[in-house]
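Please take a look at the fold shown here. This short report walks through some of its parts.

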Amino acid sequence: MTIPTVARTLPNQMSVRTSIAYQPALDGVRALAVTAVVLFHAELSGFTGGYLGVSMFFTLSGYLITSLLVHEHDSMGRIALGEFYRRRVRRLLPASAVSLGLVALAGTVSNVFDGVVDLRKQLVGSVLQVANWVFLIGDGSYQELFQRASGTSSPLEHFWSLAIEEQFYWVWPPAMVAILSRSRNVRSRIIVVALIAIGFSVSAPVIAAVWGPDAAYWSTPTRIAEILIGALLAVVLAGRTVDRRLSVVAPVSLLALAACIVTFPSSGGPAYHGVLPLVAVASAGLVLGLQIPSALGTLLSRAPLVWLGRISYGVYLFHWPIFVILDEQRTNLDGIVLFAVRIGLTLGAAQISYVLIERPIRTANAFGTRSTFGLAAMSTAVVAFVAIVVVPVGAGEYWISDEAIVAAAAIQPDDAELQIVTDADPRDTAPVTVPGVLDSASPQVTTLSSNPPSTTATSTSTTSTVPPLPRLTRPVRIVVAGDSTANATATGLIAWAAAHPELAQVDVITEPGCGFVRGGERWADGFEPNPTRCEEWIDVVLPERVSALEPDVVMLMVTSWDVLDHRWGDGLTVTPLDTGFAARIVADYLALSEALLAGGAGSVAFVRQPVPNLLWMNQDTGQQDPARHGVVYAVMDQLRASRVGDVGVIALDAWLADAGLDDDRGVRPDGIHWDPSASAQIAEDYLGEQLIRIALG
């Protein structure tokens with residue numbers, strides 16, 4: 001059935017044209033949406049929920065695209081899918097390809113994205129319109145966790161929303177062909193689209209509950225509901241009239257959206273629990289109300305807002321890479337000055353893109369359907385080729401040990417006791433000089449100071465004359481436990497043990513992304529629950545392995561996770577400098593030590609972790625504060641004093657400072673994990689011997 005092209009006008013109502021007439025107020029809505037997103041990314045106070053601007057874009061896109069499809073079908077009796085996709089490609093691809101190409105170029109010729117994990121994979125995912133799935137699937141890796149905890153941002157993080165829209169564009173037009181051609185009347189088409197929209201809306205909280213908050217925020221099935229609500233509005237309004245009294249819906253909806261933008265938290269909260277379809281209802285209410293002339297419609301039709309709405313696609317594309325590159329460390333700017341520079345460059349780039357790329361290509365008559373798709377395929381292939389071949393691959397987990405060396409150094413449990421060989425040997429007579437703190441001159445801290453440690457890192461190492469290592473009846477059995485920095489440290493210990501099988505055997509029981517502090521939430525580019533896998537590792541995996549291996553010493557090392565901001569039941573954000581947080585460190589470190597000692601470990605050795613130097617990646621976060629690490633050092637010393645002979649402390653931080661290795665980028669390429677050769681040097685020159693001495697008491 002074809003809907004008449006002119007709707008009947010009833011009293012107190014106005015006719016809604018069935019053709020898609022240009023509505024400048026909708027450009028004003030685009031302007032508001034992109035402004036919210038940009039101000040959110042600028043971390044401007046009062047815009048913690050500014051990411052909801054993306055939801056507004058989704059709903060508006062669903063409305064406009066579906067309105068075009070319904071109008072074409074009802075006026076022409078069919079939908080020309082080839083022409084639809086030609087228009088979409090010419091509208092979206094050119095500017096997107098340019099922005100991706102510029103990111104690839106910047107990543108190739110400079111180090112601005114050196115700290116970004118999987119930039120190559122993200123580029124390919126973005127150009128293939130599956131970026132949301134790339135980010136969602138990759139979010140669980142330790143490298144992703146470390147990147148977020150360090151504050152390092154990918155310049156392509158915003159492409160997830162573009163991917164969802166583009167996936168919708170590929171699927172929805174054929175679906176509408178089927179719906180419109182098989183619906184017996186207008187009512188039936190509305191019912192079908194409503195059922196689809198409701199179905200996806202209901203699935204959003206279900207997916208959030210089953211697969212977690214990231215799936216709720218990034219997956220296509222959860223977010224497509226916001227687009228479908230706009231599509232439902234388009235189907236309902238097609239060929240119909242809107243009561244003038246419904247104009248009040250627009251300002252009410254806008255106020256509701258503003259309240260959500262102001263009150264929603266920057267991470268977590270309702271957006272991550274599947275309630276964004278309700279936000280889409282408010283966005284749809286705004287669009288509905290703007291179909292009727294009103295003061296709000298006039299305001300949103302003002303020239304500055306219309307201009308910003310027209311270039312909003314370019315603003316969205318270019319603003320985030322500009323924000324990532326122009327940070328405080330690179331520019332030496334902050335506050336309003338940095339904000340003004342970023343916004344100025346963003347608007348300039350968007351205007352240039354609109355004038356020189358987007359509008360000319362969209363309006364050109366020289367490109368038919370075949371040539372458009374051919375050029376689209378070519379540009380996509382070029383960007384993908386550059387991403388795969390030219391863009392440097394990320395360092396990845398470069399500290400992982402070779403499996404053959406791991407096997408050669410592994411602990412071989414037996415019943416032999418560890419004893420010192422007492423027969424005379426010329427090696428036992430010549431003293432050696434070893435820097436360290438594991439001698440009688442070391443300071444003993446028995447209680448946590450009530451005053452925060454100094455924020456200036458100082459070396460506490462001493463140079464002492466100690467006897468050389470004695471000969472042993474068997475190798476010392478060492479278990480390394482902790483996060484990925486413990487894993488990186490173990491790489492050198494494994495190589496050292498394989499080279500000196502008479503001295504040591506090493507097994508590694510680590511869990512990347514986990515600290516020794518339990519429960520609550522921790523900050524990693526937003527608060528997130530302390531992973532349950534971490535507590536399972538502490539409670540089950542580590543004790544069981546230690547009981548089976550019966551090591552002479554368990555080396556415990558965590559670098560960042562126990563000094564990040566945390567929240568527990570009261571919801572207050574605390575750091576190790578707060579008394580309550582420090583008390584938790586004491587309790588959890590003591591409980592872990594006692595569990596390992598009771599489970600078969602001969603002794604426990606805490607390693608004083610060097611303070612990360614993430615400024616190599618032009619970032620600065622709380623984990624770089626020496627004072628926070630100083631609290632952890634004090635806890636370690638307290639435990640050593642309370643369990644003399646059972647617990648030792650190795651001041652690796654001080655030894656590295658004395659050796660001049662603490663600020664060498666070649667030693668820690670990412671600012672936190674050792675290069676394998678540096679790890680081997682640390683084990684050979686210092687760490688291996690210190691662990692043996694602790695094992696020997």
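What follows covers a sheet, the helices packed on it, and the nonpolar cores.

The model is predicted.

**The sheet**

Start with an open sheet of 5 strands. Its order is β6-β5-β9-β12-β13, and the pairing is parallel. Strands β6 and β13 form the edges, so named because each pairs on one side only. From one strand to the next, the twist averages 25°.

Strands of a sheet pair through backbone hydrogen bonds, either parallel or antiparallel. Here, β5 and β6 run parallel and are joined by 7 bridges. Within this pair, I478 stands opposite V506 of β6.

**The helices on the sheet**

Which strands does helix α22 touch? Helix α22 packs on the sheet and touches β9 and β12. Helix α23 lies across β12 and β13. The table gives the residues and directions.

| Helix | Residues | Strands | Angle |
|---|---|---|---|
| α22 | 579–598 | β9 (553–557), β12 (604–607) | about 145° with β12 |
| α23 | 626–642 | β12, β13 | about 145° to β13 |

**The cores**

The largest nonpolar core has 112 residues. Which of them touch the most other members? They are L123, W172, M176 and L290.

Take W172 as a case. Leaving aside residues up to four places away in sequence, W172 touches T66, L69, I179, V193, I196, L228 and A231.

Another core, of 39 residues, lies apart from the largest one. Its members include F516, I585, L639 and V647. Residue V647 belongs to edge strand β13 (647–650).

Terms used. Residues numbered from 1 in each chain as written. Predicted model: local features only at pLDDT ≥ 70, side-chain atom pairs only at ≥ 80, totals over all residues. Heavy atoms only, no water. Pairing = 2+ DSSP bridges. Helix = DSSP H or I, 4+ residues; strand = E, 2+ residues; numbered from the N terminus. Axes fitted to C-alpha atoms, helices over the stretch in contact; angles between N-to-C directions. Contact = heavy atoms within 4.5 Å. Core = buried A, V, L, I, M, F, W, Y, C linked by side-chain atoms within 4.5 Å. Buried < 20%, exposed > 50% of the residue type's maximum accessible area, 1.4 Å probe, protein only.
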